[in-house]
Amino acid sequence: MSDDIPFDKSFDLPPGRIEEVRPGVRRILCNNPGPFTFKGTVSYILGKGRVAIIDPGPLDEAHIAALLDAVRGETVTHILVTHTHRDHSPAAAHVKAATGAPTFGEGPHRAARPLNIGEGPRLESSGDREFRPDNALADGDVVDGDGWAIEAVATPGHCANHMAFALRGTDLLFSGDHVMAWSTPVVAPPDGSMNDYMASLEKLTRRSETTYFPGHGGMVKDAPSFVTHYIRHRRAREQSILHQLAKGEADIPALVRAIYVGLDPRLTKAAGLSVLAHLEDLVARGLVRTEGPPSPDGVYRCFDG
Ligand SMILES: [Zn+2]
C-alpha cells in the first residue's frame with residue numbers, strides 16, 4: 001500500500017499455539033490467512049484462572065477447539081468482541097455454549113449511515129449479523145474481571161460498532177482492526193466511515209497506552225507515534241484524490257488506478273471502497289461534488305471544478 005507508515009510484518013506465531021505475550025495476556029492465532037486477515041485472526045486470553053477471551057474468531061472448528069483447550073481447567077467469565085466482522089465474532093456463540101460466559105460488545109452489526117436507495121451492504125460476507133452481545137458496552141464502560149479491568153474505547157470507522165479495549169493499570173490496548181502493525185484496515189462504506197475512522201484515530205493519540213495488541217498480526221510498538229503515521233497516510237491519500245480531481249472529473253476505478261500503484265489485484269475492490277469512503281467524507285465537507293449520494297458508480301469533481 002504505502003511505505004510512509006513504519007509497518008512491522010514480523011509475526012511468526014504458528015496457528016493453534018498459545019503464547020504468553022505479557023503476564024496474564026495470552027494469544028492464539030486462527031488459521032484463516034488472507035489479504036485482509038494477514039496470518040489470521042488473533043484471539044486473546046486475559047487473566048489466569050478466571051479469564052476473559054477477546055475476539056473468539058471465525059467459525060473455525062480447529063480454532064475454537066484450540067481456544068477451549070487453552071482455557072481447560074480455568075473459568076471463562078467474559079467474552080469480549082471488538083466488532084462484528086466474520087473473522088472476529090462468530091465463534092463467540094460456540095465459546096459461550098461451551099463455557100456459559102456472557103458476551104460483551106458495542107452492539108449488533110450495523111452500517112455507519114442509512115443505506116442509500118438501491119444500496120446493500122457491499123462486503124456482505126464480512127458482516128456477522130447473528131451476534132447480539134449479552135451486555136452492550138458504551139464508550140468508557142469498565143468491565144471488571146478477576147485481577148484485570150478493561151475500559152471500552154469506542155473506535156468506529158472500520159466498522160460502526162468497533163471497540164478497542166484498554167487494559168487498566170497497564171500500557172496495553174487491544175486495538176482490534178482499528179490499528180494494526182502490518183497494514184491499515186479497510187474502511188468500506190456502508191459498514192465503515194472515513195470521518196468516524198479519522199476521529200477514532202485522533203482519539204487514540206490522546207490516550208496513554210503505548211503498546212497495542214491487534215486482531216491481526218503482531219503488536220504495535222510506540223503506538224501513539226504509529227497512529228500519527230496512520231493519520232498522515234490517510235490525509236496524504238485524501239490529498240492524492242483531491243489532486244487527481246483537480247485535473248478533471250473522474251470515477252472511482254480511474255482514481256484507484258492513479259493512486260494505488262502496484263496494488264495486489266485481490267485488493268482492487270477494497271481500494272475502490274476505501275476511495276469511496278474518502279469521497280463520502282470529502283462530499284460531506286463540501287470539497288468534492290457528485291450527482292446524488294456518493295456511489296461506487298459516481299463521477300466526482302472538485303467543488304470549484
Ligand atoms: Zn478482522
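D222 is exposed, with a relative accessible area of 53%. By exposed I mean over 50% relative accessible area, while buried is under 20% and partly exposed is in between, using a 1.4 Å probe and protein chains only. D222 sits in the loop between β12 (211-214) and α4. Its phi is positive, about 50°, although D222 is not a glycine. A quick word on the element names: helices (H or I, at least four residues) and strands (E, at least two) are DSSP runs, numbered from the N terminus.

Before I go on, please keep in mind that this is a predicted model, where local features need pLDDT of at least 70 and side-chain atom pairs count only at pLDDT 80 or more, while totals for chains, interfaces and linings use all residues. Residues are numbered from 1 along each chain as its sequence is written, and side-chain values use heavy atoms, with hydrogens and water left out.

Back to the backbone, then. D55 also has a positive phi, about 55°, and D55 is not a glycine either. You will find D55 in the loop between β4 (50-54) and α1 (61-70). Is D55 buried or exposed? D55 counts as buried, at 2% relative accessibility. One other backbone feature deserves a look: the peptide bond from P189 to P190 is cis, with omega near 5°. P190 belongs to the loop between β11 and α3.

Now, let's turn to the metal. Which residues coordinate the zinc ion? They are D87 through OD, H88 through NE2, D177 through OD and H216 through NE2, at 1.9 to 2.3 Å. Donors here are N, O and S atoms within 2.8 Å of the metal (3.2 Å for Na, K and Ca), and water is not among the atoms, so sites may look incomplete. The angles among the four donor atoms of the zinc ion run from 86 to 154°, and the site is irregular. For reference, four donors count as tetrahedral if all angles lie between 85 and 135 degrees; four count as square planar and six as octahedral if opposite donors are over 155 degrees apart and all others between 65 and 115; anything else is irregular.

Along the chain, the donor residues of the zinc ion follow the spacing D-H-x88-D-x38-H. D87 is in the loop between β5 (75-80) and α2 (91-99), and D177 is in the loop between β11 (172-176) and α3 (194-205), so this pair ties together parts that are 90 residues apart in sequence. Both carry a buried label: D87 has a relative accessible area of 16%, and D177 has 4%.

Next, a pair of helices. The axes of α4 (residues 223-247) and α6 (residues 268-284) come within 11 Å and cross at roughly 80°. That makes α4 roughly perpendicular to α6. Axes are lines fitted to C-alpha atoms, for helices over the stretch in contact, and angles run from 0 to 180 degrees between N-to-C directions. Angles under 35 degrees count as roughly parallel, over 145 as roughly antiparallel, 65 to 115 as roughly perpendicular and the rest as oblique.

And who makes the contact, meaning heavy atoms within 4.5 Å? From α4 it is R234, R237, E238, I241, L242 and L245, and from α6 it is S274, V275, H278, L279, D281 and L282. These residues divide into six nonpolar, two polar and four charged. In that count Ala, Val, Leu, Ile, Met, Phe, Trp, Tyr, Cys and Pro are nonpolar, Asp, Glu, Lys and Arg are charged, and the others, Gly among them, are polar.

Let me finish with a few individual residues. D128 lies in the loop between β6 (103-105) and β7 (135-136), and is buried at 5% relative accessible area. Leaving out residues up to four places away in sequence, D128 touches T84, H85, R86, S89, P90 and H109.

T155 is in the loop between β9 (149-154) and β10 (163-167). With 0% relative accessibility, T155 counts as buried. Among the residues T155 touches, beyond four places away in sequence, are H162, M163 and H178. T155 and H178 are 23 residues apart in sequence and 7.1 Å apart in space, C-alpha to C-alpha.

Finally, H78 is part of strand β5 and counts as buried, at 10% relative accessibility. Its contacts beyond four places in sequence include V51, F104 and W148.

Conventions:
Contact means heavy atoms within 4.5 Å.
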